[in-house]
Amino acid sequence: MAAKGGFLLSLLNYKTEKYVVAENRKIGILFRLYQLAVLGYIIGWVFVAKKGYQEKEETIQTSVFTKLKGVALTNDSEKGLHMWGAEDYVIPPNGEQVFFVVTNYIETPNQRLGFCPESNKVPDGKCTSDSDCEEGDVVTAGHGIKTGECINSTETCEIQAWCPVESGPRPEEPLLMASENFTVYIRNFIRFPKFEFSKSNVLETADPNYLKNCTYDSETHPYCPIFHLGNLVSWTGNDFQEMAAKGGSVGILIEWKCDLDKGYSECNPQYSFTRLDINTNSSATAGYNFRYAKYFKDQNGETYRTLFKVYGIRFDIMVNGQAGKFSIVPTLIAIGSGFALMGAGAFACDMILLYMMNTSSIYREGKFEVINFKKERSKSKDSKDEKDKTAHRDRRSKKSSVEKDISNSITREEESKAIPAESQSSVERRGPTIPRNTGQRYSALLSPQGPDQKHHVSFSPHL
Ligand SMILES: *[C@@H]1O[C@H](CO)[C@@H](O)[C@H](O)[C@H]1NC(C)=O
């Protein structure tokens, strides 16, 4: 029971560490330098550069709408004038995050289902005799189904297909040259769900005409969301007309790096532009094209179509971002890791002092205290007695200070006679003890002598 009570009481004690000071300049300087380095790292890198005091949000919820403006007029001697509006040259036309702008094309008008020779560009369609064109076979990578006949004038198989088949080379100069001056209006809405923060890339301005007149420029109009296609391509380091002839792919990256401690207006997007179809040197992979057809019906109800093979630039809009806001938890973690690093330095310095210096043995002696259990046991008996008395003394000393005034006049002589005798004997009996405690011992011994002598406590030198 008593042991348990002692343990419980000891829980209420505050225990602190005792330090050993090693007067060694080199280690001292080394340790201070290390502390400075850690401090520099924590403040400079973790807090200032990496904003370690902030809670981070890497997921961004985003939506992108696009709208293109501009028209182009093409004039072909065979097919006549053609006016291209955004509804014609943007595929798909619904304003998506990924869109394609037609810049060049091969048009094959008035195709009807029928029989005609295969194009001589298709290897599987070539023939020297009818036996090369087995009836019912599909022309590999071709346009139709073989009828079993070889046409001598073209040296290709006759096929059942949409006729005539597409022919002719890609125009060297892009037919929609004017597409360089088209503009795209990109609206991007973002949200950081953790911080419930939403914003859009469209500048909130009081001027209603701003959006009608501006075009994006990283210097003069960094927050204007309208982009000139020619500029978009040239910022990737490519020539627009060259890219327009063969087609290509451009990435528009919108980056939101928001420090939400700084306020709403400081969270703004950064744009960057790259060409995504990198293999521009290899002619086989360069460019981007696909085909589509428009279908019509004539007066007799028969279907015919116009086939387009279109070349153009595909734009991919990518959005990413992260936001940070002050929070107590990451701050504490950053500070805590700093302290842990400091501790690692102390450990390293200890290792050097203990094992790598020629004065190591002296340091070791000072640092490690060896406990001799036999000695400690006999001592602990002593200290227990002392503890009891300390409590006793505290109580008494309070009392005595009150009584002192009253009984100050009483028997000063008596004290001086009686106590030295006692004190001597007590000292002899108990062997050498800490001087401070001797006074208490006297009081304990003297107390039975009567209440008016309690002030004898005051004999102990520190009272
Ligand atoms: C684009 O517009 C500019 C200025 O209006 C003009 O000088 C240029 O010729 C145009 N580019 C094309 C390819 O039409």
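**Talking it through**

Mentor: Let's start at Lys69, which touches Tyr89, Phe182 and Thr183 once residues up to four places away in sequence are set aside. Keep in mind that this is a predicted model.

Trainee: Okay, and where is Lys69 placed, and is it buried or exposed?

Mentor: Lys69 sits in strand 2. Its relative accessibility is 54%, so it counts as exposed.

Trainee: Which residues does UniProt list under "binding site"?

Mentor: The UniProt entry, which is unreviewed, lists Lys67, Leu68, Lys69, Thr183, Asn289, Phe290, Arg291 and Lys309 for that.

Trainee: Lys309 then: buried or exposed?

Mentor: Lys309 is in strand 15. At 14% relative accessibility it falls under the 20% cut-off, so it counts as buried.

Trainee: What does Lys309 touch?

Mentor: Not counting residues up to four places away in sequence, Lys309 touches Asn104, Tyr105, Ile106, Glu166, Asn289, Phe290 and Arg291. Asn289, Phe290 and Arg291 are also among the positions in the UniProt listing.

Trainee: How do strand 14 and strand 15 pair?

Mentor: They run antiparallel, with nine bridges. Asn289 has Tyr311 in strand 15 as its bridge partner. The hairpin has five residues between the strands, and Gly301 takes a positive phi near 85° there.

Trainee: Switching topic: how many salt bridges are there?

Mentor: The structure holds nine. One of them pairs Asp298 with Arg112, with the closest N and O atoms 2.9 Å apart. Asp298 lies in the loop between strand 14 and strand 15 while Arg112 is in strand 6, so the pair ties together parts 186 residues apart in sequence.

Trainee: Are those two buried or exposed?

Mentor: Asp298 is buried, with a relative accessible area of 17%. Arg112 is partly exposed at 33%.

Trainee: What other salt bridges can you point to?

Mentor: Arg275 bridges to Asp277, with the closest N and O atoms 2.8 Å apart. Arg275 is buried, at 15% relative accessible area, and Asp277 counts as buried too, at 17%. Then there's Asp350 with Lys367, at 3.1 Å between the closest N and O atoms. That pair links distant parts of the chain, 17 residues apart, with Asp350 in helix 7 and Lys367 in helix 8. Lys367 is partly exposed, with a relative accessible area of 32%.

Trainee: Which residues do shared partners join into one network?

Mentor: Arg112, Asp298 and Glu302, through their salt bridges.

Trainee: Since you brought up helix 7, how many residues does it have?

Mentor: It has 28, residues 328–355. From first C-alpha to last it reaches 41 Å, close to the 40 Å expected at 1.5 Å a residue. Its buried residues include Ala334, Gly338, Met342 and Gly345. The buried residues of helix 7 pack against helix 2, strand 1, strand 15 and helix 8.

Trainee: Last topic, the largest nonpolar core. Which residues touch the most other members?

Mentor: Out of 45 residues, that's Trp84, Tyr89, Phe192, Leu229, Trp256 and Phe315. Strand 15 gives the most to this core, with seven residues. Helix 5 and helix 6 are among the elements that each supply at least two.

Trainee: And what is Tyr89 in contact with?

Mentor: Leaving aside neighbours within four places in sequence, Tyr89 contacts Leu68, Lys69, Gly70, Trp84, Phe100, Val101, Val102, Leu176 and Phe182. There's also a second, separate core of seven residues, including Val122, Ala161, Cys163 and Val165.

Technical notes
Residues numbered from 1 in each chain as written. Predicted model: local features only at pLDDT ≥ 70, side-chain atom pairs only at ≥ 80, totals over all residues. Heavy atoms only, no water. Helix = DSSP H or I, 4+ residues; strand = E, 2+ residues; numbered from the N terminus. Expected span 1.5 Å × (residues − 1). Buried < 20%, exposed > 50% of the residue type's maximum accessible area, 1.4 Å probe, protein only. Contact = heavy atoms within 4.5 Å. Salt bridge = Lys/Arg side-chain N within 4 Å of Asp/Glu carboxyl O. Core = buried A, V, L, I, M, F, W, Y, C linked by side-chain atoms within 4.5 Å. Pairing = 2+ DSSP bridges. UniProt positions renumbered as here; feature names shortened; annotations may be inferred.
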